[in-house]
Amino acid sequence: VQPQASGGGLVQAGGSLRLSCAASGRTFSGYLMGWFRQAPGKAREFVAAISRNSITYYADSVKGRFTISRDNAKNTVYLQMNSLKPEDTAVYYCAAGSGPYYRDPNQYVHWGQGTQVTVSS
């Protein structure tokens, strides 16, 4: 599985973006899929994850604003981001892994290139 993220851009505070992560490979549906982000000078942090059975998990900082979903028929996972804040500015990465510790980047074995999200105040 090789994920590839897209959909980033520049948006004003309060706006919305939808990130997509298309993954190659026939075993996509069997993977835990996660979104992480990394701001300049900061460590990579967990944003959201969705299990093989579509159970979702969120960081407290995005709960209620972001929604993760997956479409196994399209080998794609999405991150709908609403009510964006300047502190959401980061490079966003999607990754595929086996879990079970969905917050731990080391649980993810396949990483895509990041997509930049910039939220202006």
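## Close-up views of a predicted model

**View A. Aromatic pairs in the predicted model.** A search of the whole structure, which is a predicted model, finds six aromatic pairs. One of them joins F36 and Y108 in an edge-to-face arrangement, with 5.1 Å centre to centre and 80° between the planes. This pair links distant parts of the chain, since F36 belongs to strand 4 and Y108 to strand 10, 72 residues apart. F36 has 0% relative accessibility and therefore counts as buried. Y108 also counts as buried, because its relative accessibility is 4%.

**View B. Arginine side chains over aromatic rings.** Two residue pairs are shown. R44 lies over the face of Y93, at 4.0 Å from the ring centre. R70 is placed over the face of F28, at 4.8 Å from the ring centre.

**View C. The largest nonpolar core.** In soluble globular proteins, nonpolar side chains tend to be buried together. The largest nonpolar core of this model holds 36 residues, of which W35, L79, M81 and Y92 touch the most other members. Two or more residues of this core come from each of strand 3 (17–24), strand 4 (32–38), strand 5 (45–50), strand 7 (66–71), strand 8 (76–81), strand 9 (90–97) and strand 11 (115–120). Which residues does M81 contact, leaving aside its neighbours within four places in sequence? The contacts of M81 are G15, S16, L17, L19, R65, F66, Y92 and V117. Y92, one of these contacts, is itself among the core members that touch the most others.

**View D. Strand 9 and its partner strands.** Strand 9 is mostly covered, with seven of its eight residues buried. Antiparallel pairing between strand 9 and strand 4 extends over seven bridges, and within it Q38 stands opposite V91 of strand 9. Strand 9 also pairs with strand 11 in the antiparallel sense, over three bridges; here the bridge partner of A90 is V117 in strand 11. V117 is also listed among the contacts of M81. Strand 10 (residues 108–111) runs antiparallel to strand 9 and is joined to strand 9 by three bridges.

View E. Strands of a sheet pair through backbone hydrogen bonds, either parallel or antiparallel. This open sheet of four strands has the order 1-3-8-7, with antiparallel pairing. Strand 1 (2–6) and strand 7 stand at the edges with a single partner strand each, so one side of each is left without a neighbour in the sheet. On average, neighbouring strands of this sheet are turned by 15° against each other, direction ignored. Between strand 3 and strand 8, which run antiparallel, there are six bridges. S20 stands opposite Y78 of strand 8.

**View F. T27 in the loop between strand 3 and strand 4.** T27 is found in the loop that lies between strand 3 and strand 4. Is T27 buried, partly exposed or exposed? T27 counts as partly exposed, because its relative accessibility is 46%. T27 and V1 are 26 residues apart along the chain, and their C-alpha atoms are separated by 7.1 Å.

How values were computed
Residues are numbered from 1 along each chain as its sequence is written. This is a predicted model: local features need pLDDT of at least 70, side-chain atom pairs count only at pLDDT 80 or more; totals for chains, interfaces and linings use all residues. Side-chain values use heavy atoms; hydrogens and water are left out. A nonpolar core is a set of buried Ala, Val, Leu, Ile, Met, Phe, Trp, Tyr and Cys residues joined through side-chain atoms within 4.5 Å. Buried means under 20% relative accessible area, exposed over 50%, partly exposed in between (1.4 Å probe, protein chains only). Contact means heavy atoms within 4.5 Å. Two strands pair if DSSP finds at least two bridges between them. Axes are lines fitted to C-alpha atoms, for helices over the stretch in contact, and angles run from 0 to 180 degrees between N-to-C directions. Rings of Phe, Tyr and Trp (its six-membered ring) pair if their centres lie within 6.5 Å; planes under 30 degrees apart count as stacked, over 60 as edge-to-face and the rest as tilted. A charge sits over a ring if NZ of Lys or CZ of Arg is within 6 Å of the ring centre and within 35 degrees of the ring normal.
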